[in-house]
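Colleague: I have just opened the next entry and would like to go through it with you. Shall we begin with the pockets?
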Amino acid sequence: ASKYFGSLSGASISQAERELDDIAYIYGDVKIEKLADGTKVYRLYTQDDKAPAPKELRFGTSGLRGDVLEMTDKECYINTGGFLRYLRGIGEKFDTVSIAGDLRSSTPRITATVARAIEDEECQVDNCGRIPAPAVAYQGISNKRPSIMITGSHIPRNRNGIKFNKCEGEVLKSDEEGIKEAVKVVRGEIYVQNAAESLFNR
């Protein structure tokens with residue numbers, strides 16, 4: 001279940017972060033906790049831990065951001081599907097979506113979920129690997145297709161995000177309400193599924 005890595009300070013913190021990247025990739029996500037005395041504790045959450053209460057992700061600044069424990073597979077899937085449906089609803093035509101991710105330990109899991117959502121919306125996935133956000137945006141614009149970047153940008157490493165781009169460029173403030181409405185529709189479809197139908201265990 002949960003694993004505590006003890007008290008860390010100074011150089012040992014950066015060393016632990018490098019080591020935890022690989023562990024987190026295989027077993028789960030790392031949660032950084034700060035104790036009352038200021039000591040940092042790195043906690044590894046695995047499949048055996050009690051899942052946090054479901055929380056809807058908030059859309060803003062061209063995408064989603066949140067604690068990696070709140071960015072569940074279900075929420076990432078729902079929001080990706082809603083984004084693509086919105087684009088089709090405003091007349092954008094595409095059959096492929098370009099995706100990429102940063103180097104955070106939670107990025108491979110989120111990338112896999114985003115790719116599955118793209119496929120379930122009957123599109124092909126153009127996985128560009130671990131490249132910068134402007135590069136995948138350029139790939140999308142050059143090929144007149146949407147692009148999605150999994151990145152936490154400058155926020156702490158226990159958080160991550162999904163940045164959406166339309167065929168012609170960045171999502172605008174004027175797109176947000178339409179995307180939210182499309183996400184609401186997808187969420188309704190997923191939430192009524194029974195255990196046998198659902199892709200998700202929480």
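**Pocket, core and loops**

Modeller: In this predicted model, the second largest pocket has a volume of about 190 Å³. A pocket here is an open set of points, on a 1 Å grid over the protein atoms alone, with protein on both sides within 12 Å along at least five of seven lines, whereas a cavity is a set where a 1.4 Å probe fits but cannot get out. The grid points are joined across faces, edges and corners, and the volume is the space filled by probe spheres set on the points.

Colleague: Which residues line the second largest pocket?

Modeller: The lining consists of E56, L57, R58, F59, N79, E177, I179, K180, E181, V183, K184 and R187. Lining residues are those with an atom within 4 Å of a point.

Colleague: Which element gives the most to that lining?

Modeller: Helix α5 does, with seven residues. Helices (H or I, at least four residues) and strands (E, at least two) are DSSP runs, numbered from the N terminus.

Colleague: And how many of the lining residues are nonpolar, polar or charged?

Modeller: Four are nonpolar, one is polar and seven are charged. In this scheme Ala, Val, Leu, Ile, Met, Phe, Trp, Tyr, Cys and Pro count as nonpolar, Asp, Glu, Lys and Arg as charged, and the others, Gly among them, as polar.

Colleague: Before going on, what should I know about the conventions and the confidence?

Modeller: Residues are numbered from 1 along each chain as its sequence is written, and side-chain values use heavy atoms, with hydrogens and water left out. Because this is a predicted model, local features need pLDDT of at least 70 and side-chain atom pairs count only at pLDDT 80 or more, while totals for chains, interfaces and linings use all residues. The protein averages a pLDDT (the predictor's confidence in each residue, from 0 to 100) of 81, and 71% of the residues score at least 70.

Colleague: Where does the pLDDT stay under 50?

Modeller: Residues 1-11 stay under 50, and the model has 27 contacts for them beyond four places in sequence. Residues 21-28 are also below 50, with 17 contacts beyond near neighbours in sequence. Contact means heavy atoms within 4.5 Å. Where pLDDT is low, the predicted coordinates should not be read in detail.

Colleague: Understood. How many helices and strands are there?

Modeller: There are five helices and 10 strands. Of the 202 residues, 48% are buried; buried means under 20% relative accessible area, exposed over 50%, and partly exposed in between, with a 1.4 Å probe and protein chains only.

Colleague: What about the largest nonpolar core: which members touch the most others?

Modeller: Among its 32 residues, these are F83, V97, V114, I118, I148, I162 and F164. The elements giving two or more residues to this core are α2 (73-89), β6 (96-101), α3 (107-120), β8 (147-150), β9 (159-166) and α5 (176-191). The largest share, seven residues, comes from α2. A nonpolar core is a set of buried Ala, Val, Leu, Ile, Met, Phe, Trp, Tyr and Cys residues joined through side-chain atoms within 4.5 Å.

Colleague: What does I118 touch?

Modeller: Leaving aside neighbours within four places in sequence, I118 is in contact with T80, L84, V97, I99, C123, Q124, V125 and I148.

Colleague: And V186, buried or exposed?

Modeller: V186, in helix α5, is buried, with a relative accessible area of 2%. Beyond four places in sequence, V186 touches I78, G81, G82 and R85. The C-alpha atoms of V186 and F83 are 9.7 Å apart, although 103 residues separate the two along the chain.

Colleague: Let us change topic. Which phi value does E122 have?

Modeller: E122 has a positive phi of about 65° although it is not a glycine. E122 lies in the loop between α3 and β7 (124-127) and is exposed, at 72% relative accessible area.

Colleague: And where is K144?

Modeller: K144 is in the loop between α4 (133-142) and β8. Its phi is also positive, near 55°, in a residue other than glycine, and K144 counts as exposed at 66% relative accessibility.

Colleague: Finally, G140: buried or exposed?

Modeller: G140, in helix α4, is buried, with a relative accessible area of 0%.
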